[in-house]
Amino acid sequence: MTDTARARKLADRIRVVVAETLQRRIKDPRLGYVTITDTRVTGDLREATVFYTVYGDDEERAASAAALESAKGVLRSEVGRQTGVRFTPSLTFVPDALPENARTIDDLLAKAKASDAQVRQASSGATYAGDADPYRKPVREEEEQDGETDGEDV
C-alpha cells in the first residue's frame with residue numbers, strides 16, 4: 001500500500017535539494033535562470049519528476065535542458081545523500097507548461113476585454129426596441145367599465 005503523505009514529503013524535500021544544489025554546486029554555463037516549480041514522486045518512491053521553468057528564449061531553454069540532463073547524476077547523488085531513503089529515486093526533468101498556459105490565458109482575457117469594449121461602444125447610444133416598460137399591468141376597474149360602455153353603446 002502506498003503512503004501518499006510520505007511521497008509528498010519526499011517530493012517537497014527533493015524539490016528543495018535540487019534547487020539548492022543547482023544554485024550552489026552546479027556551475028554549468030549552459031544553465032540559465034532555472035526555477036524548480038514542482039516535484040512529483042511515484043507511489044513506490046522509485047521515480048521523481050521535477051518540473052522547471054527557464055527565464056529566457058527557446059535557445060536558453062534548450063541549453064538549460066541539456067545542462068540539467070548532464071547534471072542528473074550529481075543531483076541524484078545529492079538527493080540520496082540528503083534524504084536518506086533506501087532507494088534514491090531516478091530524476092526526470094520536465095519543462096513546466098505553466099508560463100505558456102498563463103500567457104495563453106492573458107491573451108484570451110485581453111481579447112475578451114477588447115470585445116467587451118466594442119459591445120459597450122456599440123450599445124452606448126442604443127435605446128430599447130419596445131416601450132420603456134415592457135411588462136403588462138393589470139387593468140383597473142375604471143378602465144374596464146369605460147371600455148365596456150363604449151362597446152355597448154354602438
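A word on ground rules. The model is predicted, with local features needing pLDDT of at least 70 and side-chain atom pairs counting only at pLDDT 80 or more, while totals for chains, interfaces and linings use all residues. Residues are numbered from 1 along each chain as its sequence is written, and side-chain values use heavy atoms, with hydrogens and water left out.

**Where two helices cross**

Let's start with helix α1 (residues 4-24) and helix α3 (residues 72-83), whose axes come within 9 Å and cross at roughly 125°. Helices here are DSSP runs (H or I, at least four residues) and strands are E runs of at least two, numbered from the N terminus. The axes are lines fitted to C-alpha atoms, for helices over the stretch in contact, and angles run from 0 to 180 degrees between N-to-C directions. That angle makes α1 and α3 oblique to each other; the label covers whatever is left after roughly parallel (under 35 degrees), roughly antiparallel (over 145) and roughly perpendicular (65 to 115). The crossing of α1 and α3 is right-handed, which is the term used if the near helix is turned clockwise from the far one by less than a right angle.

Who does the touching? On the α1 side, the contact uses Leu10, Arg13, Ile14, Val17, Val18, Thr21 and Leu22, and α3 answers with Leu75, Glu78, Val79, Gln82 and Thr83. Contact means heavy atoms within 4.5 Å. Sorted by type, the residues where α1 meets α3 come out as 7 nonpolar, 3 polar and 2 charged. For that sorting, Ala, Val, Leu, Ile, Met, Phe, Trp, Tyr, Cys and Pro are nonpolar, Asp, Glu, Lys and Arg are charged, and the others, Gly among them, are polar.

**Aromatic pairs**

Searching the whole structure turns up 2 aromatic pairs. Rings of Phe, Tyr and Trp (its six-membered ring) pair if their centres lie within 6.5 Å, and planes under 30 degrees apart are stacked, over 60 edge-to-face and the rest tilted.

| Pair | Centre to centre | Angle between planes | Type |
|---|---|---|---|
| Tyr33 and Tyr55 | 6.5 Å | 90° | edge-to-face |
| Tyr52 and Phe93 | 6.5 Å | 70° | edge-to-face |

Tyr33 in strand β1 (residues 33-41) and Tyr55 in strand β2 (residues 47-55) are 22 residues apart, so this pair links distant parts of the chain. Tyr33 and Tyr55 are both exposed. Burial goes by relative accessible area: buried is under 20%, exposed is over 50% and partly exposed is in between (1.4 Å probe, protein chains only).

The other pair also links distant parts of the chain, with Tyr52 in β2 and Phe93 in strand β3 (residues 90-95), 41 residues apart. Tyr52 is buried at 5% relative accessibility, and Phe93 is buried at 8%.

**A few single residues**

Thr39 sits in strand β1 and is buried at 5% relative accessibility. Beyond its neighbours within four places in sequence, Thr39 is in contact with Ala11, Ile14, Arg15, Thr49 and Val50.

Leu45 is in the loop between β1 and β2. Most residues other than glycine have a negative phi. Leu45 isn't a glycine, yet has a positive phi of about 65°, and Leu45 is buried with a relative accessible area of 13%.

Ala19 lies in α1 and is partly exposed at 32%; the C-alpha atoms of Ala19 and Ile36 are 6.1 Å apart.
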